[in-house]
Amino acid sequence: MNEEVGRALSADAITSELRTMILSGAYPIGVQLKQEALAKRFGVSRIPVREALKRLQVEGLVEHTPHQGSIVAGLTIPQLLETLDIRIGLETRALKLAIPNMQESDFRAAEDILARYDQSDSPREWAELNLEFHMCLYRPCALPRLLKMIEEMVRGIAMHLRALQSYRVGRKSPQSEHREILKACMAQDVDLAVKLLEQHVDHTKEVLKSAA
């Protein structure tokens, strides 16, 4: 990396790059993330690296251990199930508040994401499009802190769920559920949309339990 470009990297940029590398598997679960090595890699001081690691720790992608320092986090199935239960609470609330504010442009954007999802053969891309679709539906709730919490939580367990979604669930079932949720949103049927969303996340929980 060019040293001058590296110096320009902010904690935001480093967080984004490290997140991508963790989610892509470039930094596997359990790998030690040394601040000095990362600072050298990005051409910055340890300060923005330390901040980036703290942010990724909040997202659940990094954990701090007494002897190893920061490592790429691994989650147990009970921890994943608990996180999915928390997601249900946060996401159903966001959707309930978002539906009355939804515009035609929101529906078109959601349909476009689903079309791209259909055309993709990349499980990693499915995970990103899945998040993009859900955030598209939640964004009209206009609560930035709630939206940020949801996005961080989803990203924090994405790498743990990707294999399950890819090989056990595939693409067809989630896409069918996505379309039913969107249809309920377009009909302004809040109760049905919330019920379908809860069932959607519950299906992921069922897959996790079967893998235990």
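Tutor: Glutamate 151 lies in helix H8, residues 144-169. Helices here are DSSP runs of H or I with at least four residues, strands are runs of E with at least two, and both are numbered from the N terminus. The model is predicted, so local features need pLDDT of at least 70, side-chain atom pairs count only at pLDDT 80 or more, and totals for chains, interfaces and linings use all residues. Residues are numbered from 1 along each chain as its sequence is written, and side-chain values use heavy atoms, with hydrogens and water left out.

Is glutamate 151 buried, partly exposed or exposed? Its relative accessibility is 29%, so glutamate 151 counts as partly exposed. The cut-offs are these: buried is under 20% relative accessible area, exposed is over 50%, and partly exposed is in between, with a 1.4 Å probe and protein chains only.

Now its partners. Setting aside residues up to four places away in sequence, glutamate 151 touches Leu131 and Met135. Contact means heavy atoms within 4.5 Å. Methionine 135 is 16 residues from glutamate 151 along the chain, and their C-alpha atoms are separated by 7.6 Å.

Step back to the loop between helix H7 (123-138) and H8. Alanine 142 is found there. Its phi is positive, about 60 degrees, although alanine 142 is not a glycine. Most residues other than glycine have a negative phi. At 57% relative accessibility, alanine 142 counts as exposed.

Glutamine 188 sits between helix H9 (172-186) and H10. Its phi is near 60 degrees, again positive in a residue other than glycine. Glutamine 188 has 39% relative accessibility, so it counts as partly exposed.

Next, helix H4. Glutamate 59 is found in H4, residues 46-59. With 7% relative accessibility, glutamate 59 counts as buried. Which residues does glutamate 59 contact, leaving aside neighbours within four places in sequence? They are Thr15, Arg19, Glu152, Arg155 and Gly156. Isoleucine 150 is 91 residues from glutamate 59 along the chain, yet their C-alpha atoms are separated by 9.8 Å.

Helix H5 covers residues 77-98. Its 22 residues should span 32 Å at 1.5 Å a residue, and the end C-alpha atoms are 30 Å apart, which agrees. That expected span is 1.5 Å times one less than the number of residues. The buried residues of H5 include Leu80, Leu84, Arg87, Glu91 and Ala98.

Then helix H10, residues 190-211, where histidine 203 has its place. Histidine 203 counts as partly exposed, at 34% relative accessibility. Proline 174 is 29 residues from histidine 203 in sequence, and the two are 9.1 Å apart, C-alpha to C-alpha.

Finally, the whole chain. The protein chain has 10 helices and two strands. Along the sequence, the pattern is α-α-α-α-β-β-α-α-α-α-α-α. The radius of gyration is 18 Å, close to the 17 Å that the globule rule gives for 212 residues, so the chain is as compact as a globular protein of that length. That radius is taken over C-alpha atoms, and the rule is 2.2 Å times the number of residues to the power 0.38. Buried residues make up 47% of the 212. Among contacts between residues at least 6 apart in sequence, 74% join residues at least 24 apart.
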